[in-house]
Amino acid sequence: MATVLQFPANISTLNNYNDLYPDWTQREVSTGTTIMAVEFDGGVVMGADSRTTTGAYIANRVTDKLTPIHERILCCRSGSAADTQAIADAVTYQLGFHSIELDEAPLVQTAASLFRDMCYRYREELMAGIIVGGWDPRRGGQVYTVPVGGMMTRQPVSVGGSGSSYIYGYVDSNYRPGMSKEECLKFTAGALSLAMERDGSSGGVVRLAVISEQGVERQVILGNQLPKFSTV
Amino acid sequence: MATVSVCQYHRGGFSFENCKRNALLEADINKLGLSSPAARKTGTTICGLVYKDGVVLGADTRATEGMVVADKNCSKIHYISPNVYCCGAGTAADTEMTTQIISSNLELHSLSTGRPPRVATANRMLKQMLFRYQGYIGAALVLGGVDCNGPHLYSIYPHGSTDKLPYVTMGSGSLAAMAVFEDRYRPNMEEEEAKRLVRDAIAAGIFNDLGSGSNIDLCVITKGKVDYLRPHDMANKKGVRTGNYRYKHGTTGVLTKTVTPLNLEVVEESVQTMDTS
């Protein structure tokens, strides 16, 4: 893909007059992010914040980071906005083609594998952390995580993005196997709110999606409706 | 040095051969306290919004080369197709050429499909090209238009990420323009209000950002019609000088006049022909 360069890829450092052009006009767009997905019996709940940043400027405060890959498969994107959008477009195409060839709904594991193949092969050039979630008739609701570097593993709960560091404790202590759909929604919304409160690169609204045999239902929780934990 | 008799065919894409040399030159120049010349950028404020009947795109008209204004009235709203226009910020050459390439490809695509082009198609073509060049093409674009699915507005970043939003701003003056939008934008505005809002947003960029200036260009795209208003508002007309440094003959009084003839003789005369063809 991209050839190896002998010197830093950020070519704008060669011309460093900064008064006229502030930092964020030259920085890459990143989905700072907190993303999360939880399996439950019958499907998955996926959630993400909605902030895209270029340096210190919020380029998009209502981003939709839950990207549909197929009818009952979504992915949460974190890392470089350009890289994850390009990867998601490519995988959507490949999965759609594969599904037409098979004439049946694709497996969530297939989607995750396609992500893994691309993220691992181009690991030097890409910065993408992706969580794939969906429902298929063979194995029900599944969550696969493909972090930076290109590993792929199935997990009942997965968090990702810069804000995830702040909520590992909350997730580990509050997750119980066998939660219902409503409990998972409350759990996800709570975790994302906590992360958005503490992480500067995460914020905006909470976007949730529930994937099950019936299809995908999406909801948005606006900033003033987020669950409150602290009274200070 | 090079004794190549046949011209070497330049393969397409970027050539990074001179980068190491340039880095060394840059270091040497910096040691002398100077800086190397910069690419001409459109400092820029560009913005767009979706209103009731379509989209309104706006742009300032200043192109800068470092701290000097290279063009006081450049056109930053580029034609993509009859129903799709694109504002460009970043490196002037990159935005110009990128939009021309995609415009050309989109016309061929439209002839091939037999349908008028869609904004989403232009968006996809632009983002895939910019991603392929990994951010080296410094083009930050605001793409807007009306197609069979209604009005659409996209912001496209140099690395290839895009956002589909009801209002967007780009360029060095984007923060000033976004402040105006965030304050006064409402969905489904009327055309006059929408034009006023875009004009005010660009004006905010022009007056508060050093990289933007001169006039405000607008482009109003609706289902059947495109209004390319250049200039829509000349916000910075050059003033008329009130004073003059020419003095009339006789202003300075002459007190004395002495004439001293210099007797010169011609020593040598030579003719040098000049080619004035």
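L126(A) touches D83(A), I87(A), M118(A), C119(A) and F131(B), where a contact means heavy atoms within 4.5 Å and residues up to four places away in sequence are not counted. This is a predicted model, in which local features need pLDDT of at least 70 and side-chain atom pairs count only at pLDDT 80 or more, while totals for chains, interfaces and linings use all residues. Residues are numbered from 1 along each chain as its sequence is written, chains are lettered from A in the order in which they are written, and side-chain values use heavy atoms, with hydrogens and water left out.

L126(A) lies in the loop between α2 (108-121) and β8 (128-136) of chain A, with helices (H or I, at least four residues) and strands (E, at least two) taken as DSSP runs numbered from the N terminus. L126(A) has a relative accessible area of 13% and is therefore buried, a word that means under 20%, with exposed over 50% and partly exposed in between (1.4 Å probe, protein chains only).

Side chains of opposite charge can pair when their charged atoms come close.

| Salt bridge | N to O distance |
|---|---|
| E193(B) and R186(B) | 2.5 Å |
| K195(B) and E192(B) | 3.9 Å |
| K225(B) and D227(B) | 3.1 Å |

K195(B) and E192(B) are separated by about one helical turn, because they stand 3 residues apart in helix α5 (residues 191-208) of chain B. K195(B) is buried at 12% relative accessibility, whereas R186(B) is partly exposed at 41%.

Terms used
A salt bridge is a side-chain nitrogen of Lys or Arg within 4 Å of a carboxyl oxygen of Asp or Glu.
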